[in-house]
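Hello,

Here is the structure I promised to pass on to you. Please open it beside this email, and then read on for what turned up in it.

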Amino acid sequence: MQRIARSLPLVVLAAGLPVASQAASVGGHLASGYEYDSNLNVDELEQSSGESGQAWVLGAGVNAEGQPVENLTLTGSYDVTDRDYRDSEAFDRTLHLASLDLSYDFGTVTLGASHHYSYATLASDPFLDYQRSSVYLGKLVGEDVYLRASVLSKRKDFEDDPARDARTRGLSLDSFFFFNRTRTVFILGAEGDDENADADAYDFRMLAVKTRLKHRFPVAGHDHEVQIGWRYEARDYDEPVSSVENPMTSPLLGPSDPTSEPRDDRIATVDASYGIGLTEWLTTEARLEYTDYRSSLDSAQYDETVASLNLRAEF
């Protein structure tokens, strides 16, 4: 409860926006869905079961946005998502996420700052606290291109594995290209992290590139949206890691011999989704995602396919 309480000031501040500004809006959502996972895993611990599973997914959230003064925009949100797996309770997860964003439009550029806090449980037990703060600068180039650069600071705190607790510094660059009167958006981005964990074996440097294409179009009076995305991530660790040195990272595969080569991971993800606006407030979406984890650490090398069908109500 103490962890969840940390996020409450963000929500209270966001909820207070209608009082502070006439240009404020408050909304929320309820979501329900069903998900199939070909390889149940705990990605943060490099643990994969090799077994498939199915889960009911339930979610809810509130958000608020307003302008306390001209050109100054304040937004806040709180979301909770629960995954309840059939016959695989060890992988049940609940995620609480609170965020706050403050930005000022100077005309030529937009300067902003944001903070995200999340708290996750695993099998109903406390699992992970995660915080991410950023300062960003955005600029609209012409009418069809938006560029954004961010400096990030991240923090991870594990409930039962303090060796993995980490502090991270990072940079990200994103570009948004708009076509077809903004109905089509192409996103191209890159990011880099330098993560310093309490145990040297988990220190790594990461570089990633990503792309995404979104397209909205009407059919028979309903809005349809298709998305295709791809991300490639390279992680290079400072030290060798083996299941002998860290037996908890590979409880299913058994011990392996230590290696003299530094660990490296290569993670490629591709996803596609199709959404239909059933009414002004109700949408449905089918989504498919495939991830290929390649690593010099056996327990971190596997592949995973996730398919889901969701229903979402906005209010």
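A residue is called buried under 20% relative accessible area, exposed over 50%, and partly exposed in between (1.4 Å probe, protein chains only). Of the 315 residues of the protein, 39% count as buried.

Two notes on the source: this is a predicted model, in which local features need pLDDT of at least 70 and side-chain atom pairs count only at pLDDT 80 or more, while totals for chains, interfaces and linings use all residues. Residues are numbered from 1 along each chain as its sequence is written, and side-chain values use heavy atoms, with hydrogens and water left out.

The protein has 2 helices and 16 strands (DSSP runs numbered from the N terminus: helices are H or I with at least four residues, strands are E with at least two).

Two loops are worth a look. Arg 181, in the loop between strand 10 (166-179) and strand 11 (184-197), has a positive phi of about 55° although it is not a glycine. Arg 181 is exposed, at 81% relative accessibility. Ala 220 sits in the loop between strand 12 (204-219) and strand 13 (222-237); its phi is also positive, near 55°, and Ala 220 is not a glycine either. With a relative accessible area of 74%, Ala 220 is exposed.

Finally, find Tyr 290 in strand 15 (residues 282-295). Tyr 290 is partly exposed, with 36% relative accessible area.

Happy exploring!
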